[in-house]
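Here are my notes on the salt bridges of this model and on one of its sheets. Please read them with the structure open.

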Amino acid sequence: MTELTKKIPEQESGAGSASGSDSSGPEPILKVTGLVKHFPITKGVLKRKVGAVQAVDGLSFDVRPGETLGVVGESGCGKSTMGRLITRLLEPTGGKVEFEGRDITHLSAGALRPMRRDIQMIFQDPYGSLNPRHTIGGIVSTPFKLQGIEPEGGVKKEVQRLLELVGLSPEHYNRYPHEFSGGQRQRIGIARALALNPKLVVADEPVSALDVSIQAQVVNLLDDLQDELGLTYVIIAHDLSVIRHVSDRIAVMYLGKIVELADRASLYTSPKHPYTKALLSAVPVPDPSRRGGKSDRILLKGDVPSPISPPGGCRFHTRCWKATEICGTTEPPLIQLAPGHQAACHHPENAPDQRPQDTVSVAARETVELAGETPAESTEKAESTEEAESTEKPAPGDAASSDTASDDVASDAPSQDAEGPAKE
Amino acid sequence: MSDVSKTDTDAGPAGGESSEGAARKFLSVRDLRIHFDTDDGLVKSVDGVSFDLEAGKTLGIVGESGSGKSVTSLGIMGLHSSERARISGEIWLDGEELIGAGPERVRQLRGQKMSMIFQDPLSALHPYYSIGAQIVEAYRVHNKVDKKTAKTRAVEMLDRVGIPEPARRYNDYPHQFSGGMRQRAMIAMSLVNNPELLIADEPTTALDVTVQAQILDLIRDLQKEFRSAVVIITHDLGVVAEIADDLLVMYAGRCIERGSSEKVFYQPQHPYTWGLLGSMPRIDREQTDRLVPVKGTPPSLINVPSGCAFHPRCPYADVPKDNLTRTERPDLREITDGHFSACHMSRAEREKIWTEEIAPKL
């Protein structure tokens, strides 16, 4: 234990040297390869395994020191499970999690403990994540007790410093969680996460339970703390506006997989995956002049399929308006389509088609509707594109020509909104 | 005190007209107050709110948690227990006053002429009864029809709100539906009697963006079809901008700004509205470095701050002279046609702050 205590100053200097964010390719602080988590579904007294919820199914990404990686997706896409896997609150079924070059995928609880101070988590629910019977002082000082660390000047002083750091009054030390509002509780959760001077903080929906005005306070706080302490964040959220505000790079998840991973600017100005595009177009914009004329909105039909039996091939093909035969059979790999911009799609937007010879299946057209269009119009439109396609189609051998043809189709078929959410 | 409330009432578009004038609008709320007696003191959840709504129009009510938006809507629906809540004011629905009307009459209207979509479909639907049975019940309470007709109607409604295979899903239980489908089922239930007033309390808050877009679209379509008046309550300014014609911003149980969506979004007059707009990261604008939050936290409704309830959080509280913001509660005053705001600052002062300090940061 004494050995651990000594490590603290080293850690800080270590973080300092690692966060050479200006250098071209800093070593990733966190490296995730092929991460898989399946939750077994059991039946009967013998707990016979009858299936599995494939919550996370093959994620690979890096987190570089000092950056913020945003993770977005709809509920049930596995983003929270991912967060719990990289903090090792859950043990992965497969794949590898490396933190600062060290494989932590299957470390035991004891072996993980020293590492816990480097990776901390901020939880979504500020009401559920603080023990109502403990004082704020007790809650924020627990990490020190667990790690057997005696900070300089004593635990109490350090806790009060932390409370001040997150914008609370040090006098709150002896109060209980119920005496605080939601935003203040979230600050307490943040103070607890920062107690041990972590390198990586995973925040699972840190602001979604808060009111707009408070949300902005917490977002700014996270921002300030990152500047001040050189933290690396993985921020998980479903709100695309918040994610855009806080992140440097963004991973979009759908049904346990990353479908797109890109720099913030690149993702929001030219989304490559149809799902990202649909997500972006669905965000309500606080501008009443856009009311009524919403030709650029892509409305996905139906719900996200069950992760117990996800669709084969591309998991999004059941709701995708660009889906072709190959999408139902072959899973598209996550490949780089532009510098710093990866997407897993056979027929990406804003990029050359990966499988130009495939035609859009009729079923795919029905998966989407454009707001502001009557159903009659949209079917008409679908038919006309079908014609256009069939005339162009007979030249599948000529890759170049069919490429441009299907590009044309792609740009006018599903939407007039190639320029919609994207403004370049 | 009574003075203040009077001006507030008079400020409504119906002017100082008697209740007869208010009765002409489809929905007209006049000086609604809903207070609750608690062990800690009197909670003034709604403290003098007035607004009008015409048929076929949508009113958005925005505000933070505890600002009284849901309590207002439950008050219109007559869902407060008369033992616990003290309600005063007037609510006119299509020429009929509801607060004075007996509970029996309100019960007849509820579900038929006015209905509500609740925030959390999982707790608003009964887990023991199938979706179909719950819709049928809502229909048969107000219509003397046999079960078969009611079932046909329920299936038709499920189909109308976009539930696939409605005849089969009719027999499903709420837990077999996904979040978006439950919300659709609840919309089907609230629309089964073609209500003329639909109140949606945070209808999309629990949903993902893609599903949210579907539900908002659905509400919009149905409104067009049935020409209902819709009140939509939300904390999401994006949602109201999409759907609402008029906007009412609530703070600490009172309306602090009211007007058309365009007015409130483009020329907001109240510092709290500025704060809400600045707090929100916007996907349609250039990336800003920092958000401009409202400092502090919403006030307790037991000890509402003196004067303007927003003054402890207002960066411009000292602009009006004589400490006015701390001593006197501002009235809701008309600024331009149909645009009201409750702030002590003069119009010129507000205009200056808005154009010089606030607007460039948004």
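1. A salt bridge here is a side-chain nitrogen of Lys or Arg within 4 Å of a carboxyl oxygen of Asp or Glu. Searching the whole structure gives 33 salt bridges over all chains. The model is a predicted one, in which local features need pLDDT of at least 70 and side-chain atom pairs count only at pLDDT 80 or more, while totals for chains, interfaces and linings use all residues; side-chain values use heavy atoms, with hydrogens and water left out. Residues are numbered from 1 along each chain as its sequence is written, and chains are lettered from A and ligands numbered from 1 in the order in which they are written.

2. Asp47(B) and Arg33(B) form a salt bridge through their side chains, 2.9 Å from N to O. This pair links distant parts of the chain, 14 residues apart: Asp47(B) is in strand S2 (residues 41–53) of chain B and Arg33(B) in strand S1 (residues 27–38) of chain B. Helices (H or I, at least four residues) and strands (E, at least two) are DSSP runs, numbered from the N terminus. Asp47(B) is buried at 1% relative accessible area, and Arg33(B) is buried at 11%. Buried means under 20% relative accessible area, exposed over 50%, and partly exposed in between (1.4 Å probe, protein chains only).

3. A salt bridge also joins Asp37(B) to Arg86(B), at 2.7 Å from N to O. Asp37(B) is partly exposed at 46% relative accessibility, and Arg86(B) is partly exposed at 47%.

4. Within helix H7 (residues 147–160) of chain B, Arg153(B) and Glu156(B) are three residues apart, about one helical turn. Their closest N and O atoms are 3.2 Å apart, in a salt bridge. Arg153(B) is buried at 13% relative accessibility, whereas Glu156(B) is partly exposed at 44%.

5. Shared partners join the salt bridges of Asp31(B), Arg33(B), Asp47(B) and Arg329(B) into one network.

6. Four strands of chain B form an open sheet in the order S2-S1-S4-S5, with antiparallel pairing. Two strands pair if DSSP finds at least two bridges between them. S2 and strand S5 (96–97) of chain B are at the edges, each with a single partner strand, so one side of each has no neighbour in the sheet. S4(B) and S5(B) pair over two bridges in the antiparallel sense.
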